[in-house]
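Dear colleague,

I am handing over the structure we spoke about, with notes on what was found in it. Please read the notes alongside the coordinates.

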Amino acid sequence: MCASIADYETATSFLGEWGRFQQRIFFFLCLSFIPNGLTALSAVFLVDTPAHRCLLPAHLNLSAAGLLPGVDVNLSTVPTEGCLDGWQFDHSVYTSTVVTEWNLVCNASWKKPFTSSIYFGGVLAGSFVSGQLSDRLFGRKIVMFGTIGLQVVTTLIQIFSSNWIMFVVLYFLLGVEQISNYLVAFVLGTEILGSWVRTLFSTAGVSLFFAVGYMLLPLLAFFMRDWRQLQVGFMLAGCLSLPLFWFIPESPRWLLSQGRIEEAEVIIQNAAKINNIEPPAVIFRPLKVRTEETKAHNIFDLLRSPNIRWLSVTMWNTMTISYYALSLNTANLHGNPFFNCFLSAVVELPAYSLSWLMFRWCSRRLSLCSLLFAGGLFIFIIQLVPAPITFEMMGKFFVSTVFAILYAYTAELYPTVLRTTAVGACSTASRIGSLFAPYFIYLRTYSVSLLYILVGSLTALTGLLSLLLPESFGMPLPDTISQMQSFPG
């Protein structure tokens, strides 16, 4: 005997939609996304390459010796060699970056995109592991705050990195921890909050607070030009999230899916007390339920059908390639890198506001199709206009809007017993795209247009394919696999 979770929303409807309890959960969970916005795109400044040239010893410098190249010395007869004495970097923008710390230039320049890819490799691993740990073992709350604590510790250790290998290993772990607390906090809010507030949280709420952290990144980097000092700022931001542990409860939906009825009822009773509402004597009635609701589920339950494969490989990979390629490319745009990054973050504020409006009132399929196609079009024509930064920001606007909708849409499609695993699995598969995003930017060394042609075409094509997805607008949140919609495509 265990509680049925099929009528969870009916059983808890007496709480209302927007009482003090829901307001507290909404605000505190949103606050936890600010440190994620700070760290998710930290590579823009940590791994940036300042202007540099070979370091010349004084006795080999022609100008210091009073000689003029091409006049006193015939340079065509002088043999060339590598930078045997190291490099001299311009420190007018940064005091130090990972690139200047370990000379990731010339023959070692491949280490720069590889460093970013290592971080996204950690994000890939964390997307997979967090779902399994959250759905099957520890629940939402323990995984969320456990990974926040680990992120603080890992950042502290990374500050004392003695070589590049140590840095990238710790950067991988940071990717694991950052995406884990992001995904689990997202699912936790989706499951606790009611339908109207859930829509606001999963689109505008999460994304806007993430964008606030993203906006703080260039401001922090402007005042902390040394990469180790910047890491101290990231660590302190993570520490501010830890006290939220005492204000955010476990997901009652998840507790019910595990047969832990009494614990779920205690949480709902406390919520009623906070909202000044008298709860009923019995909230969740013990019922005989189908085997499907009580058995343990794992990611293989999703992979048996093509649904999760189609959604994750196509939609999510396109989004991560487009979003991260445009975001990480801000350091290469003309002008001040701090201002360009800040502008890229500011663009996300109206994008996430639009995502909430569209998710609240519009069809999921038509929203994804129109936004993706428009974003792809703007990205594609960047190469054809004289002032590309405007069109690049417009492309970023549409891609960011889709990214916010896609997280909420995926959470709508999959059931409570596998929701974190499903969102995590989509995020996991999509990280193949984020692994390659730094190399899309690396294509600039051959042709600046290649980045925009490939990303623009891929985004627009995926927009057309999104019409093959199921429609979840106005549908109840599924709790079991049998309640999932089929994918018409």
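**Helix packing and one buried glutamate**

The axes of helix α2 (residues 20–31) and α8 come within 10 Å and cross at roughly 165°, where axes are lines fitted to C-alpha atoms, for helices over the stretch in contact, and angles run from 0 to 180 degrees between N-to-C directions. Please note that this is a predicted model, in which local features need pLDDT of at least 70 and side-chain atom pairs count only at pLDDT 80 or more, while totals for chains, interfaces and linings use all residues. Residues are numbered from 1 along each chain as its sequence is written, and side-chain values use heavy atoms, with hydrogens and water left out.

With that angle, α2 and α8 are roughly antiparallel to each other (angles under 35 degrees count as roughly parallel, over 145 as roughly antiparallel, 65 to 115 as roughly perpendicular and the rest as oblique). Their crossing is left-handed, that is, the near helix is turned anticlockwise from the far one by less than a right angle, clockwise being right-handed. On the α2 side F21, I25 and L29 meet A185, L188, G189 and I192 of α8, contact meaning heavy atoms within 4.5 Å. By class, this contact has six nonpolar, one polar and no charged residues (Ala, Val, Leu, Ile, Met, Phe, Trp, Tyr, Cys and Pro count as nonpolar, Asp, Glu, Lys and Arg as charged, and the others, Gly among them, as polar).

Helix α8 spans residues 164–192 and also holds E191, which is buried, with a relative accessible area of 0% (buried means under 20%, exposed over 50% and partly exposed in between, with a 1.4 Å probe and protein chains only). The side chain of E191 is joined to that of S251 by a polar contact of 2.7 Å, a term for a pair of N or O atoms within 3.5 Å where, within protein, one must be able to donate a hydrogen and the other to accept it, and residues adjacent in sequence count only if both atoms are side-chain atoms.

The crossing of α17 and α19 is right-handed.

For the chain overall, there are 21 helices and four strands, both being DSSP runs numbered from the N terminus (helices H or I, at least four residues; strands E, at least two). Of its 489 residues, 55% count as buried.
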